[in-house]
Amino acid sequence: MESEAPAAGAQLAALRRGDGGPAERFLLTYLVVRVLRELGVRPATVTGYGAGAVAALAATGALDWPSGLELARGGSAQVPLRAPDVPLVHATSGRTAYPYLVDSGYFDELLDGLVVEPEVAAAVASRAAPIVGSQRVLRRAIDEWNRVLGLRGLGEWRISTDEAGLAADTGVDPRCTLVRVLALENAFDELNRAWKLSLDRLAPDRRIAELLDLLAGGLLDPDGLLGLLTGDPAERVAIADRVQRGAAGLGISSDGRYLALKDRARMPAGLEAAAAWMRDAAPGAADPAPDVAVAVSVGSTPDIPGGADHVAIADPQALADQLATPLLALWRRGLAVDWHRFYAGRGTRKVPLPTTEYVRTVYRHAPAALADQPQVRGVRLVELDAGWVTDAGPATPVRERTALVVAPADLLDEVREAAAAALPAYRLAFAGIGSQYRHEAADGWTVRTEEGDWDRLFAGLAGQGLRPQYVVRLAGPDGADLARRVEDSVLVPFLLAQRLLRRRDGVPTLILDVAALGAPEPDAAAALGRSLRWESSSVRLRPITVDSAPASAETWRRIAEEFGIAGDDPVRHRGGVRYARRFTIREPEQPPTPPNPVIRPGGVYLVTGGRGGLGQAVAAHLLSVPGVRVALAGRSLMTTELARDLATVAEAAGDRIAYFPADVSDLESTRTLVAGVRHRFGPVNGVVHAAGVLRDGYLVNKSVADLGAVLAPKVHGAANLDLALADEPLDFFALFSSLAAVTGNPGQSDYAVANALMEAFAADREQRRTAGTCRGRTVAIGWPWWDAGGMTVPGGTGTVFSIDNGFAPMPVSVGLAALDTALSGASAQRLFLYGDPERALPFCHGDQRTPVPEPPSPPGDKPEVPWASRYVSLLFSELLDVPERDIDASRGLDSYGIDSILVRNFNTRVERDLGVIPHTLLFECRTIAQVAAVLASRFPEIAAAPPSGPNSGRSSRPHPPPRRPLRCGPRHARVASGSRWRSSGCPAGTPRLRTWTRSGAT
């Protein structure tokens, strides 16, 4: 509260002294209600009585608490109010102010004139048609809609539940079309919720999205929606009342749902000012007796008896009573109080709680001993050097000749001619990046870099039956504006990959991200592609740089060749030769003597990201040089907790260290930071930019806001520091990046991209420094996993940087010595790896395995993969603990009750038996048969039945595996895919899977 309103510090101090005036009583009451809210209490209603009316307004968010403090002191009551975040009951009239105001007018705004475009209706039906007959969750949701339609006498609006009927459905009545689209989109919402995936909607209209949000949130059901469309005015009013009561529990949402409701977040007429809540709220007023589960009253309420549905916060004498009494009352009524929130951010001390008064045993969860942890052999620090080697790439068959071409709108006409000439046998569609959305021709669109436009684009493609196997994204010309470069190099590939992932139709898709030779931004696309390969088996992204113009015949000849090549390593075409990026190991230089040779005694150094453990370790290292002064910068305000964290460093450094709150992603804040450091310590001699944030999550579920939040401190922060420090006598400008920019990491696509862009910025800045336009040698350091923290994910399940993969946590002393080496070296980019280099290096490259060509099959047939299907079925039998005979490979995966724990266990077992797989494999596939087909395509060893051999006549069942399973993929790159291996009693080609030993197969 002191950070929110520093001027109120004196009043808070008076409260601590025990003063009992009106202002202190308001603060005390407000604090109690706020603590209760922080502990997870969400009352059904709040009512303010007497002086408690002001505290109730502040506690529910209708009034800022500093304004409430002024009211308690006797200030003017003509203060405008906001909508509360929980229902607020007026003490005398019984009127309720809800977070959202729902009435029949709200639904009039949503439904009047709402018509679904035919192409959208066709796209929605086309998506549902292939699976409507077999997907149980989808079918159950549609059956419920049909049941309600029958009860309302609207049988002619019934939604077909077979593929042919659904594809042929057409409605003359536009309301019928609207209901069918809403029903199918709602059914897919139910399916995605069952799979714990983000909502994936094709209908772009925001009003349809709002109706779907109401249905998904349980505020509206199919019968209610049909009543709004076909009922009389009285029924519509009744439905609006039901939705109003249900919406009371939503609070003021900050997500992308209920956009129309957000515009209706306001106080009811006559209750817009604080005066309306204060003049009649006298102590002892009658209880409006709301029909709720738990109500909270604030203030003196002597006439209201305690009960199971009511908790009162009155005016007791002591703070302990004020907090403990309502908490105890709530706990006795069965409320689950989240006590962990109370202790969040505090240092705690465990005390013994004896089982009896005579036994003083302390029970603690002891961490596993170090000896029990898996160890990495041959651990050492190495540097990685990037180079380019000639590489024709492994061939892969072209299955479906369909492609989408995305290019800047001003280049699209030229590109269209070149693409049509180079790909005459392909069905092509074109999308230009422009200033507004347009569907210009049957095969042409213009889209903006906004999520809604890309949803409409792919809905239009689906409506035409076009599901591209290839997407070619042509980068625009280099621009000086950083925001434009980020938008072009990151946002467009991000949106493309995400929309392709959300289709979940099993169609393998390759995105070719094509840029001009010499452009730095392809490294960002490479980072996105490397993360994508850990998350998806169906969507891949390969960055390509060419030495010819985007619309030239040479460029499109190269693109056509890339369609028939597998892998996702960055590729460079120069002089008619194809090159692929490879990394080589180099022993690092010896640390300089003496340490910190570039650190001036008495110098001034700025370290961003100073709140984290890594920033503080760097600060302590710099302070070891005599007279050095360090300015730590972070987004957090200085708090008691932060002061305690910095106490160890500050105690040794005294006044040579200071903390400055600043947001380096904002230029003005960064300029203020530099001015403050210069005023406190003098000119700045060097900067270490270690700031960053994480928004971990699979790319399919990320938002553009998540991407922006991760890019802001690293990319924009680096650019802002460069501008703000332009006049400082810098010796170095160091940027802390991550090895994730090269390896990728599941759940961290945005983080990998941010580091790659920051490294590109470092290369650009170093060129400017050598040209004499800026000062301070630039170095970007790609760090591995530190054992003292940092932004990279620690080792464990679900990360590339695990001990099993040859990575190990780098000790702080090793990392700081490497920092000295990097600061005194010459290269603008340094990349370090800590662990077993031979095991970890393959993760810096793409999939090196040579795929076995697939046997030709008649059109429409699927290749038989009986051994892979048997493996997956047996694995599901074991994980679900059900007989194998109960596993049907053609049933929907959702029918087996799959949850996140089973997904993790499945991924762990498959990676142990076969090799690395995308962690979202089970989310991308609908049936066990599809899972088996994907595994067979990645690991040909289990694709087909074993060839004839000495033991082939014994049984058609799988042979017992040897003790060690076959391992494939970049995790074990030394084992060549497709190679034949033999063991006693097992013919070549037989899968080595320990699962079959368990099943008793012979």
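Modeller: Gladly! Let me begin with the ring rule: rings of Phe, Tyr and Trp, the last by its six-membered ring, pair if their centres lie within 6.5 Å. In this predicted model, Trp-534, Phe-801, Phe-807 and Phe-843 form one aromatic cluster.

Colleague: What makes Trp-783 and Trp-786 an edge-to-face pair?

Modeller: The search of the whole structure finds 14 aromatic pairs. For Trp-783 and Trp-786, the centres are 5.0 Å apart and the planes meet at 75°, so this pair is edge-to-face. Trp-783 and Trp-786 are buried too.

Colleague: How do you know that the charged end of Arg-533 sits over the ring of Trp-534?

Modeller: The distance limit is 6 Å from CZ of Arg to the ring centre, and CZ must also be within 35 degrees of the ring normal. Arg-533 has its charged end 4.8 Å from the centre of the Trp-534 ring and is listed as sitting over it.

Colleague: Why is Asp-391 called partly exposed?

Modeller: Buried means under 20% and exposed over 50%. Asp-391 has a relative accessible area of 22%, so it falls in between and is partly exposed.

Colleague: What makes the link between the side chains of Asp-391 and Arg-582 a polar contact?

Modeller: The cut-off for a pair of N or O atoms is 3.5 Å, and these two side chains are joined at 3.0 Å.

Note on methods
Residues are numbered from 1 along each chain as its sequence is written. This is a predicted model: local features need pLDDT of at least 70, side-chain atom pairs count only at pLDDT 80 or more; totals for chains, interfaces and linings use all residues. Side-chain values use heavy atoms; hydrogens and water are left out. Buried means under 20% relative accessible area, exposed over 50%, partly exposed in between (1.4 Å probe, protein chains only). A polar contact is a pair of N or O atoms within 3.5 Å; within protein, one must be able to donate a hydrogen and the other to accept it, and residues adjacent in sequence count only if both atoms are side-chain atoms. Rings of Phe, Tyr and Trp (its six-membered ring) pair if their centres lie within 6.5 Å; planes under 30 degrees apart count as stacked, over 60 as edge-to-face and the rest as tilted.
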